[in-house]
Structures are given as structure tokens and as C-alpha cells.
Amino acid sequence: MSSPAEPLSDGEVQALLARAVRLYAERVAARDEPLAAFPAGEEITATDAVVTTTAILKAVNVQLFELGMWQAWSGR
């Protein structure tokens, strides 16, 4: 992994995102109450969220309609 002064490679960013997604999903599954996606005060823009979410859905071959159905069925 790069030092803090060096920019991360695309592969490193992808690996970090994959790990963060898996960890977050595990934590949510283990809880009875909701877990915010980001800590208070973290400045994630709507564009940041949509760009990343779109890439994740495309990577796992889930359409927006399917996501909506899953949310309706799961109550999330």
C-alpha cells in the first residue's frame, strides 16, 4: 500500500472500497438498529454517493428497479 504522501493506485482504491463494503454489510447485519453510512460531519456529496453507488450496482449486476424492490421487501 502507498505511504500517506503517495496517491493510491486505482487497484488500492478498489480494494479499500471492496473491504469497506463488506465490513459495513457485516456490521449492519449484526445490528438491530440502523448504522449510518458515514460519521457525522463527513462531507460526502450527493454526486459522490451517486457515482459510487452506480459503480457498485453495475459491478454486481443489480438494476435500480431491483434495488427498489429489495428495499421495499426488506423494509430498509
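This is a predicted model: local features need pLDDT of at least 70, side-chain atom pairs count only at pLDDT 80 or more; totals for chains, interfaces and linings use all residues.
Ala, Val, Leu, Ile, Met, Phe, Trp, Tyr, Cys and Pro count here as nonpolar, Asp, Glu, Lys and Arg as charged, and the others, Gly among them, as polar.

The volume of the largest pocket is about 1,100 Å³. Its lining consists of 24 residues. Nearest the centre lie Val21, Tyr24, Ala37, Thr53 and Ile56. The table sorts the lining by class.

| Class in the lining of the largest pocket | Count |
|---|---|
| Nonpolar | 19 residues |
| Polar | 3 residues |

The biggest contribution comes from α1, with 7 residues.

Now look at α2. This helix has 14 residues. From first C-alpha to last, α2 reaches 20 Å, close to the 20 Å expected at 1.5 Å a residue. Just after α2 comes Asn61, which has a positive phi of about 55°.

Back to α1, the helix that holds Ala15. Is Ala15 buried, partly exposed or exposed? The relative accessible area of Ala15 is 46%. Buried means under 20% and exposed means over 50%, with partly exposed in between. Ala15 is therefore partly exposed.

Ala15 can also be compared with Val60. Along the sequence, Ala15 and Val60 are 45 residues apart. In space, 15 Å separates Ala15 from Val60, C-alpha to C-alpha.

Methods. Residues are numbered from 1 along each chain as its sequence is written. Side-chain values use heavy atoms; hydrogens and water are left out. On a 1 Å grid over the protein atoms alone, a cavity is a set of points where a 1.4 Å probe fits but cannot get out, and a pocket is an open set with protein on both sides within 12 Å along at least five of seven lines; lining residues have an atom within 4 Å of a point. Grid points are joined across faces, edges and corners, and a volume is the space filled by probe spheres set on the points. Helices (H or I, at least four residues) and strands (E, at least two) are DSSP runs, numbered from the N terminus. The expected span of a helix is 1.5 Å times one less than its number of residues. Buried means under 20% relative accessible area, exposed over 50%, partly exposed in between (1.4 Å probe, protein chains only).
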